[in-house]
Amino acid sequence: MENGQLTRLPDNQNYPFNQASMLYSQSQFLKLMTDDYIKEIKSGRRKIEEFYKSLNRLSAHDARSLLFIENNLLGKSWENLEYDDDDYKNLLISHLQNWSMPVERYNFLIQCKAQNQVPEKYLEWFQNDLRCSLFLTSLVGHSLSAEAYKGRYELIDGITNLLRYDIISFNSNVNTSLDYSEKISRGGDWRVSYLLSFKSTYLKGRTQDKELKWLDVSNHEQIEWAYDYLEKNKHIILKGVFFPETIEEKYELILASLDRLSNIESDDIGTEKNKGYSPRSYVLFSIKKAWDGQKQYDSKSKTSDGIIKIYKKNQAKLDELTKKNKITANKLINKYIEDAHKKMLSPNDQSEKQVFEHYEEYKADEKYMNMSSTEEVLPDANSTKPPIEITSPIDKKKNHHNVNVKPRRNKVFEKPPC
C-alpha cells in the first residue's frame, strides 16, 4: 500500500469487497454492455439506411423487374401495372420495408430474377422491328384476345414485357405448329429454347424481299387495298388485338400476315392449269394479279370519268401555264382540247396557233367550258371570204362558235393576260 492506496492484492487473495464497490463494478459492466449494444444497433441502422438509398439508384427497368417478381410471388400479379419510373423504386422499397429482414428479401428477389427472367440480350432482335414483334405476338394471339394494342409502341412493349417478365406464360400458350418447310429446334435453357427456335425458323423462312418488291409502302392506295384484300380473305393476323395507326404500320402488318402463311408447297394448291404453290406463294400470286387487274380497271375508269394523269416531266410546265394565264389546270387542259378539236374539224385548217383571250372574256362562257380562240391579223382589203361556221358533232347542245379564218400576211398574236 502506498499513500493509502492499494497497489497490489494480498498474496492470499482473501481481500474483501464492500457493497459500494460491488455496485460500482456492476454498473460499469452494464454500461460497457449497453454501449456495445447501442453501437451495434446504430451500425445496423446505418446499414439499412444505406441499403434503401442504394435502391433509389436502381434503374427503372431493374426496379420494375423486382417489383413484378414480388407481386407474382405474393399472388398479386394484377398489381403489375405500368407506373412512372420513380414509382417502381418507391413501391419496391415500400414492399421491402414490410419485411423484418429486407436485405435478405431483396437478395432472394435478385436470385429469382436471375433464375426465371429472360436476359435482355435475347430480346434485342425484335424490339425495334414491328414485323418481327407482330409475328411473335401472333404465336400467342389466342391468349391475348382481351388485349388491345394501339400502334407500334404498345405492341412491341406488350410482347417484350410478356417475354421478359412472364416467359412461363409465353412457353405455355405459344402455338408451336408453325407450318414452315424448315423447322429449327434450339436446345439450351428452358427460358430461351422456344424463343431461339422461333427466331431461327422465322428469319430463315419468312417472305423474301424479292417477292414483295411490287408492294410499295409509299403508295397509300395500294397498301389500303392490299390490307382490305387480305382482311376479306381472313389472312390478317391479330384482328381485334392490334390496331395500326399509320400506313407504315399497316404495311408491316401485311408483311407479318404473309409471314404466318405456310411456305410448304402442295400439289393441291394453285390454278387449274398450274399447281404446286404453297399457301403463301398462292396468296402472293393472287393478290398481285388482283392488284394488276385493279390498276387496269382504274385506268380505264378514270379516263372515262374525265380524270387524266399528267406526266411528271410536264407538271412544272402545266403549273407555269396556269400561273401565266391565271386559269385553273382543269380549264386550261379543256381549252387546249377544244382548240385542237376545232382545228381538226376545220376544212381550212392552216395550223394557226391558238391563244387565250382575256380571262374575263373566258369567264362569260365558262358554263360550257369553251373559250373562243381569236387571231388578230392586219386588215387585208382583198379578202372577201366569209367566215366559216364550225359546229362540234360531239356536243350538239353547245352553242355554235364562229371561227374567222383569213389569209395570213403578218400575224400578230394577242398577248395572254398576265
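I took contact to mean heavy atoms within 4.5 Å. On that basis, residues 24 or more positions apart account for 65% of the contacts in the protein chain with a separation of 6 or more.

I noted that this is a predicted model, in which local features need pLDDT of at least 70, side-chain atom pairs count only at pLDDT 80 or more, and totals for chains, interfaces and linings use all residues. Residues are numbered from 1 along each chain as its sequence is written, and side-chain values use heavy atoms, with hydrogens and water left out.

**Overall.** I found 15 helices and 6 strands in the protein chain; helices (H or I, at least four residues) and strands (E, at least two) are DSSP runs, numbered from the N terminus. I then looked up burial, where buried means under 20% relative accessible area, exposed over 50%, and partly exposed in between (1.4 Å probe, protein chains only). Of the 418 residues of the protein chain, 32% count as buried.

**Cysteines.** I searched the whole structure for disulfides (pairs of cysteine sulfur atoms within 2.5 Å) and found 0. Cys112 counts as buried because its relative accessibility is 11%. Cys132 is also buried, as its relative accessible area is 2%.

**Ala63.** I placed Ala63 in helix α2. Its relative accessible area is 0%, so Ala63 is buried. Leaving aside neighbours within four places in sequence, I listed Leu58, Tyr88, Lys89 and Leu92 as the contacts of Ala63. I also read off 9.0 Å between the C-alpha atoms of Ala63 and Asp86, which are 23 residues apart along the chain.

**α2 against α7.** I fitted axes as lines to C-alpha atoms, for helices over the stretch in contact, with angles from 0 to 180 degrees between N-to-C directions. The axes of α2 (residues 60–73) and α7 (residues 151–165) come within 11 Å and cross at roughly 60 degrees. From α2, the contact is made by His61, Arg64, Ser65, Phe68 and Asn72, and from α7 by Asn161, Arg164 and Tyr165.

**α14.** The 17 residues should span 24 Å, and the end C-alpha atoms are 25 Å apart, which agrees. I listed the buried residues of α14 as Lys331, Leu332, Lys335, Glu338, Asp339, His341 and Lys342. An α-helix has 3.6 residues a turn, so residues three or four places apart point the same way.

Technical notes
The expected span of a helix is 1.5 Å times one less than its number of residues.
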